[in-house]
Amino acid sequence: MLPTLAAVAAFAAMAAHGADFRTTGEAAVLFDAPSAKAKPLFVLGRDTPLEVIVPIEGWIKVRDSGGSIGWVERKSLGDRRMLVVRVPVADVRTAPEDASPLAFRAEQNVLLELAEPAASAATTTAPGWVKVRHRDGQVGFVRLPQVFGL
């Protein structure tokens, strides 16, 4: 099956602006092919950030923070932007500087909400840092290499 012109255009735009990330709205099933009849690989939890590899019709090929690749239904993705900590412990600072006070620490695999309108790592307000919010309400800045999802 040939990809639609819209899918090719979307992929080209994504390549020009860096990786595109989406987040699961509710729990979603990761399949080995773009079909509900395909083999389910595993279930992704709510708010799981995923890197978009290629969108095709009602399906999106994605990569999770662990490197697993599969397909999810487009309708299972939401608009909320989440990041996941990829290092053992991420220091979240009150300002985007290593010398600024510690706001909080987040352990590996903790989900953090994107707290600024950044579309990609290149569009954050402070280069190399991203503003995040913990589910408990704490806000701060974390270094980009410490998180997955942007």
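Predicted model: local features only at pLDDT ≥ 70, side-chain atom pairs only at ≥ 80, totals over all residues.
Rings of Phe, Tyr and Trp, the last by its six-membered ring, are taken as a pair if their centres lie within 6.5 Å, and planes over 60 degrees apart make the pair edge-to-face. By this rule, the structure before you contains 2 aromatic pairs.

Let me take the aromatic pairs in turn. Phe 21 and Phe 148 are arranged edge-to-face, at 5.2 Å centre to centre and with 90° between the planes. Phe 21 belongs to strand β1 and Phe 148 to strand β14, residues 147-148, so this pair ties together parts that are 127 residues apart in sequence. Phe 21 is buried, at 9% relative accessibility, and Phe 148 is buried too, at 5%.

The other pair consists of Phe 31 and Trp 59, also edge-to-face, with 5.6 Å centre to centre and 80° between the planes. Phe 31 sits in strand β2 and Trp 59 in strand β5, residues 59-63, so that distant parts of the chain, 28 residues apart, are linked. Phe 31 counts as buried because its relative accessibility of 10% falls under the 20% limit. Trp 59, at 11%, is likewise buried.

I turn now to the protein as a whole. Its secondary structure comes to 1 helix and 14 strands. Of its 150 residues, 39% count as buried. Among contacts between residues at least 6 apart in sequence, 51% join residues at least 24 apart. The accessible surface is about 8,300 Å², and 55% of that belongs to carbon and sulfur atoms.

Next, consider Thr 24, in strand β1, residues 20-24. Is Thr 24 buried or exposed? Thr 24 is buried, with a relative accessible area of 1%. A polar atom of its side chain lies 2.7 Å from the backbone oxygen of Gly 45, and a polar atom of that side chain lies 2.9 Å from the backbone nitrogen of Thr 48. Leaving aside residues up to four places away in sequence, Thr 24 touches several others, among them Leu 44, Leu 50, Ser 76 and Leu 77.

Val 29, in strand β2, residues 28-31, is partly exposed at 32% relative accessibility. Its C-alpha atom is 6.3 Å from that of Val 72, a residue 43 positions apart from Val 29 along the chain. Beyond residues up to four places away in sequence, Val 29 touches Pro 40, Phe 42, Val 43, Trp 71 and Val 72.

Finally, the charged side chains. How many salt bridges does a search of the whole structure find? The search finds 8. One of them joins Arg 63 and Glu 51, at 2.9 Å from N to O. Arg 63 is in strand β5 and Glu 51 in strand β4, residues 49-56, so the pair ties together parts 12 residues apart in sequence. Arg 63 is partly exposed at 28%, whereas Glu 51 is buried at 18%.

Asp 91 and Arg 105 also meet in a salt bridge, at 2.7 Å from N to O. This pair links strand β9, residues 89-93, with strand β10, residues 102-107. Here Asp 91 is partly exposed, at 24%, and Arg 105 is exposed, at 56%.

Asp 98 and Arg 143 form a further salt bridge, with the closest N and O atoms 3.1 Å apart. Asp 98 lies in the loop between β9 and β10 and Arg 143 in strand β13, residues 139-143, so parts 45 residues apart in sequence are tied together. Both Asp 98, at 48%, and Arg 143, at 31%, are partly exposed.

Notes. Residues numbered from 1 in each chain as written. Heavy atoms only, no water. Helix = DSSP H or I, 4+ residues; strand = E, 2+ residues; numbered from the N terminus. Buried < 20%, exposed > 50% of the residue type's maximum accessible area, 1.4 Å probe, protein only. Contact = heavy atoms within 4.5 Å. Areas by Shrake-Rupley, 256 points an atom, 1.4 Å probe, with all protein chains shown as cover. Polar contact = N/O pair within 3.5 Å; in protein donor to acceptor, adjacent residues only side chain to side chain. Phe/Tyr/Trp six-rings, centres within 6.5 Å; stacked < 30°, edge-to-face > 60°. Salt bridge = Lys/Arg side-chain N within 4 Å of Asp/Glu carboxyl O.
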